[in-house]
Amino acid sequence: MNRQAQAALLFLLGAAVLHAGLTDLHLRYVKAGLRPLLLLSGAVLVATAAATLRYEWRGRREEDAEPHREPRISWLLTLPLFALILVAPPALGSYSATHTGTALQKPFGFPDLPARGPLRLGVEEYAARAVYDDGRHLSGRPISITGFVALDRADAPHLVRMTLNCCAADAQPVKIALTGAIPPVLRPDTWLEVTGTYTPRRTRDPVNDGPVPYFDVTAAEPVPPPSDPYG
């Protein structure tokens with residue numbers, strides 16, 4: 001692998017990283033907030049490729065006049081590149097959710113909610129308010145939540161969103177147990193928008209004994225997966 005090949009690989013890798021950062025593809029790998037760093041990394045790789053070519057074209061050589069041959073195994077570095085370009089990994093789903101305990105944590109505080117009208121909450125926000133705020137400001141109000149379906153070991157349905165600290169490798173689930181007017185047939189990994197009301201009922205996650213609140217469903221509609229599957 002000579003410097004020209006190295007520069008080509010660096011350029012392709014940088015271009016792939018920039019493409020991921022400029023599209024929703026990066027949301028399969030990292031949190032949305034890390035997008036600027038991803039774009040910066042891609043730009044640095046492209047600039048490094050350009051500098052490598054310039055160095056080669058100027059005829060600079062290693063201090064050692066003898067030619068240096070890298071081992072052919074170094075071409076294996078192309079495999080992650082082609083994997084990044086050709087294969088977008090699916091978002092983690094029900095299998096990971098049912099084998100990992102809930103990651104619900106007590107927040108530092110709760111933002112104010114609209115005084116009236118229906119509420120649209122995320123899985124994590126509803127779960128945190130239901131468990132750590134005892135459902136204050138939720139009781140008696142219509143609530144809509146979107147997440148994917150997961151069935152526990154007893155086939156009890158849950159609505160789940162995976163949350164990230166940094167990247168998909170550390171994704172953990174937050175779960176809501178469903179009760180009420182649940183569709184008779186639920187397929188794991190199906191995305192649903194459920195509408196219903198708060199209930200003080202709770203259960204424990206069988207994986208780590210973490211708290212899992214219930215949600216009383218009055219209606220459920222399948223929806224397309226969101227562009228950002230984590231959150």
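## What covers helix 5

The buried residues of helix 5 are covered by elements that include strand 1, strand 2, strand 3 (157-163), strand 4, strand 5 and strand 6. Helices (H or I, at least four residues) and strands (E, at least two) are DSSP runs, numbered from the N terminus. This is a predicted model, in which local features need pLDDT of at least 70 and side-chain atom pairs count only at pLDDT 80 or more, while totals for chains, interfaces and linings use all residues. Residues are numbered from 1 along each chain as its sequence is written, and side-chain values use heavy atoms, with hydrogens and water left out.

Helix 5 is mostly covered, with seven of its 10 residues buried. Buried means under 20% relative accessible area, exposed means over 50%, and partly exposed lies in between (1.4 Å probe, protein chains only). The buried residues are Val123, Tyr126, Ala127, Ala128, Arg129, Ala130 and Val131. Just after helix 5, Asp134 has a positive phi of about 55 degrees.

## The nonpolar cores

A nonpolar core is a set of buried Ala, Val, Leu, Ile, Met, Phe, Trp, Tyr and Cys residues joined through side-chain atoms within 4.5 Å. The largest one has 24 residues, and those with the most contacts inside it are Tyr126, Ile143, Ile145, Ile176, Val194 and Phe215. At least two residues of this core come from each of strand 1 (119-121), helix 5 (123-132), strand 2 (143-151), strand 4 (172-180), strand 5 (191-204) and strand 6 (211-222). Helix 5 gives the most to this core, namely six residues. A second, separate core of 10 residues includes Ala97, Met162, Ala171 and Tyr230.

Contact means heavy atoms within 4.5 Å. Not counting residues up to four places away in sequence, Tyr126 touches Leu121, Leu138, Ile143, Ile145, Ile176, Thr197, Tyr198, Thr199, Pro213, Tyr214 and Phe215.

Helix 2 (residues 35-57) has 23 residues and reaches 33 Å from its first C-alpha to its last, close to the expected 33 Å. The expected span of a helix is 1.5 Å times one less than its number of residues. Gly42, Ala49, Thr52 and Glu56 are buried in helix 2, and the buried residues of this helix pack against helix 1 (3-22).

Ala7 lies in helix 1. Ala7 has a relative accessible area of 3%, so this residue counts as buried. Ala7 touches Ala49, Thr52 and Leu53, again leaving out residues up to four places away in sequence. Ala7 and Ala49 are 42 residues apart along the chain, but their C-alpha atoms are separated by 4.4 Å.

## A surface patch

Leu37, Leu40 and Val44 make a nonpolar surface patch of about 290 Å². Patches are made of residues with over 30% relative accessible area and no salt bridge; like charges are joined within 9 Å, and nonpolar side chains (Val, Leu, Ile, Met, Phe, Trp, Tyr) within 5 Å. A salt bridge is a side-chain nitrogen of Lys or Arg within 4 Å of a carboxyl oxygen of Asp or Glu. Leu37 is in helix 2. Its relative accessible area is 53%, so Leu37 counts as exposed.

## The chain as a whole

The chain has five helices and six strands, and from the N terminus on its elements run α-α-α-α-β-α-β-β-β-β-β. Of its 231 residues, 36% count as buried. Among contacts between residues at least 6 apart in sequence, 69% join residues at least 24 apart.

Key. Accessible areas come from the Shrake-Rupley method with a 1.4 Å probe; for residues, only the protein chains shown count as cover.
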